[in-house]
Amino acid sequence: MNFDFSEDVKTMREEVRRVLRDRYPRGEVRRAVDAGARFDRDFWRLLGDMGWLGVAVPERFGGAELGHEALCMIVEEVGAALPPVPFMASVGAAEALLAFGSEAQCARWLPGLACGETIGCVAPGEPLASSIAATGGRLTGEKLPVIDGDIADIAVVMATDGLYLVELTAPGVERRAIETLDLVRSGIRLTLEDAPAEKLAGGDAAQLLDRLAVLAAFEAVGGAQAALDMAVGYAQERYAFGRPIGSFQAIKHKLADVYVATELARSNAYYGAWALAHEAALPVAAAAARLGASEAFTLAAKENIQVHGGMGFTWESDCHLYYRRARALAVDLGAGWYWRDRLVEQLDRAEAA
Amino acid sequence: MDFGDTPAEAAFRAEARAFLDAHMPLKEAHRAHVSRAMTPEDVAASKAWQRKKAEHGFAGILWPTAYGGRDGTQMQHIIFAQEEERYAVPTTVFNQGVGMAMPTVMAFGTPEQLARYPRPALFGDEVWCQLFSEPAAGSDLAGLRTRAVRDGDDWVVNGQKIWTSYAHFADFGMLVVRTDPSVAKHAGLTFFIVDMKTPGIEIRPIRQISGASNFSEVFFTDVRLPDRQRLGAVGEGWKVALTMLANERFTVGRAEGPDFDEIFALAKAVRIDGRRAVDDSAVRERLAAWYVRTAGLKYARLRSQTALSRGKAPGPENSIGKLVSASKLQDIATFGIDLAGTAGAITDPEIAAMHGLFQQALLYAPSKRIAGGTDEVLRNIIAERVLGLPADARADKGLAFNQIPTGAR
Ligand SMILES: Cc1cc2nc3c(=O)[nH]c(=O)nc-3n(C[C@H](O)[C@H](O)[C@H](O)COP(=O)(O)OP(=O)(O)OC[C@H]3O[C@@H](n4cnc5c(N)ncnc54)[C@H](O)[C@@H]3O)c2cc1C
């Protein structure tokens, strides 16, 4: 039995935390948002230099080849720290290539994504792949919202007949900024009008969503843990009626429930990480990881505000960064109903077989 | 990550399976858990199975060989439990004795006690019960009032215990009593081993909500216990009791009964408006939530086992099992009854879906949220010991036991 991250990954986690804490201690993300600096290019370069962006990419494509465990761990920590960089978008695009691209497609795009010179994003849209179809290697249709699509150079677009890679500066590609719940990430409306697109060698929208859902689950677990840590810290320091509010059971039990939800979510996410390399188990594992993580993050984020009282409702408390991210993240790759259906259908099918 | 056994673990699993195959049939799917009272036949069957396991080295896997154990590893203990769960073994009456009482005796016992008690418990000859809770002391166990007063070489015990599982067929009890009411409540307790046949002990079964009686009130009237029955020092009873409770957390673990697989099977069998219940989106929402919780618990358990298998203490993820599974059991039982429609109220196992599994579970699930630490107490423990939140304000702090405020109940 070996159901835990390796010692190497655990050691690496300390380093990852240090880097994130140094540049983005609590409060710094909000200051960046206030300053309108939604993309910290210097930090992005640093992440590229440190090998985070290509951590799961094989060495022959310019990556660090440390595997998915390492990637999931970094995603979790990034989910906690919320730095303004298109990390999830770009590693998501790399994941699509890695899993479904041909050797030539990987050789063409992964080295840039792995060092950060190329920025990728994923365009799932909703209702998922149904709106965009390809004719003769060209795409027409609309995706909305596409997270970090304004910063990205390329997008992996989910279409009815498979996955396509679109260069976002090509003719026929139009990008218009739109506001979303998440203040740290920008969203766009992506309009494709007979835009040139290269089909990935394999994979379809559902398969890619499964893989991305596992990564997003780690991101949400990181966010849930950060919101819980914030709430616990505040509950220890804030006094009311002559005692710390954390000594009131209404607060304690709330936070115990957040802890339980987060631990269950983390455990499901770990299984999801394992399933990234075990295809038959992936659809169920991904859906469970996704649903558990969305539930935990949503709960943690809202109770974090509650524990902070009036302070939690202020812009400066930072609680809203998690509150916003939790909801945005929970719908980005398909909302709850999509994943519940997928989960139950897969279980039903598995038993019928 | 991988879920496989190490070669040594696989060898042990094979050994366990060979033993189980030779002595027990496999369990039938979806069979109701016993919520009727344990009969003398049930107790005899449990004793026989306990002896069989002990004779083959599977009863005391963690026990030292000196007491008939295997001196094995935590992983072997877990592997055997996983395998045994698949077989139609009798409901055990040995959790208290083998899982909780004897490890405590081994931690605090005198040489005479060690020579006398562990082996017969392991070999299924003697059944033990836990005489802790009282009418006025459950969650607040240290508030117990049963008194023991020294009289020469004996102690004289007066008072009452309650909710004592299996007291009516237990041979011995693990008893914690107050020996000094003039000091703080935790400091005035002392622990004893008591022969349940001692004169002055009266056992009155209590009827549970299912109508069955598996626990009792136990009255002590001038019961004389020789001092050599004391376990641990005078005034050290709280420490001994905590050791036993720590072992309880370990044995109680998860709630048996209908889980995701059962409610999923029911949702596929039942039809709502001509289509399977499982195809209804409201039903799906519940099913998905339970699957996620069940899987989360399973993988949390595997994380704990990984720590054990690496020779480390399991992390805090270990503390959530009973809290999550007890409520889930109650919710699944409730929903299973709902799914069956008007037939849901039927308890007759010949007619009710899955032999009345959900109806039975409805009537024992509440106990899972109470026994072995209530939901609320478990949340307190998580908040204080895992999250590091401050302890509750308490009205009994710094007071001698006999100065503590009490209520009408
Ligand atoms: C099936 C079953 C078998 C049992 N077997 C045994 C046995 O073999 N031996 C034995 O000694 N005992 C046994 N018990 C007793 C069990 O340990 C107690 O019932 C349990 O500890 C709760 O105590 P109580 O019943 O006195 O409830 P109380 O402690 O009075 O609790 C009543 C309510 O108050 C809440 N409450 C109490 N304190 C707090 C607090 N600090 N914060 C928040 N809420 C609180 C509880 O959560 C509960 O909801 C058994 C119980 C059951 C149901």
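In this predicted model, helix α11 of chain A and α9 of chain B are roughly perpendicular to each other, because their axes cross at roughly 75° and angles of 65 to 115 degrees count as roughly perpendicular. The two axes come within 9 Å; axes are lines fitted to C-alpha atoms, for helices over the stretch in contact, and angles run from 0 to 180 degrees between N-to-C directions. Helices are DSSP runs (H or I, at least four residues), as are strands (E, at least two), numbered from the N terminus. α11(A) brings A:R340, A:D341, A:L343, A:V344, A:E345 and A:L347 to this contact, and α9(B) brings B:R284, B:E285, B:L287, B:A288, B:Y291 and B:V292, where contact means heavy atoms within 4.5 Å. Seven of these residues are nonpolar, none polar and five charged; Ala, Val, Leu, Ile, Met, Phe, Trp, Tyr, Cys and Pro count as nonpolar, Asp, Glu, Lys and Arg as charged, and the others, Gly among them, as polar.

α11(A) also packs against helix α8 (residues 260-269) of chain B, at an angle of about 85° and with the axes 12 Å apart. That angle makes α11(A) roughly perpendicular to α8(B). A:V344, A:L347, A:D348 and A:E351 meet B:F260, B:F264 and B:K268 here, a set of four nonpolar, no polar and three charged residues.

A:D348 also pairs with B:R276 in a salt bridge (2.4 Å, N to O). Between chain A and chain B there are nine salt bridges, each a side-chain nitrogen of Lys or Arg within 4 Å of a carboxyl oxygen of Asp or Glu. The interface also has 20 residue pairs in polar contact, both at pLDDT 80 or more. A polar contact is a pair of N or O atoms within 3.5 Å; within protein, one must be able to donate a hydrogen and the other to accept it, and residues adjacent in sequence count only if both atoms are side-chain atoms.

Residues are numbered from 1 along each chain as its sequence is written, and chains are lettered from A and ligands numbered from 1 in the order in which they are written. Local features need pLDDT of at least 70, side-chain atom pairs count only at pLDDT 80 or more, and totals for chains, interfaces and linings use all residues, while side-chain values use heavy atoms, with hydrogens and water left out.

How values were computed:
Angles under 35 degrees count as roughly parallel, over 145 as roughly antiparallel, 65 to 115 as roughly perpendicular and the rest as oblique.
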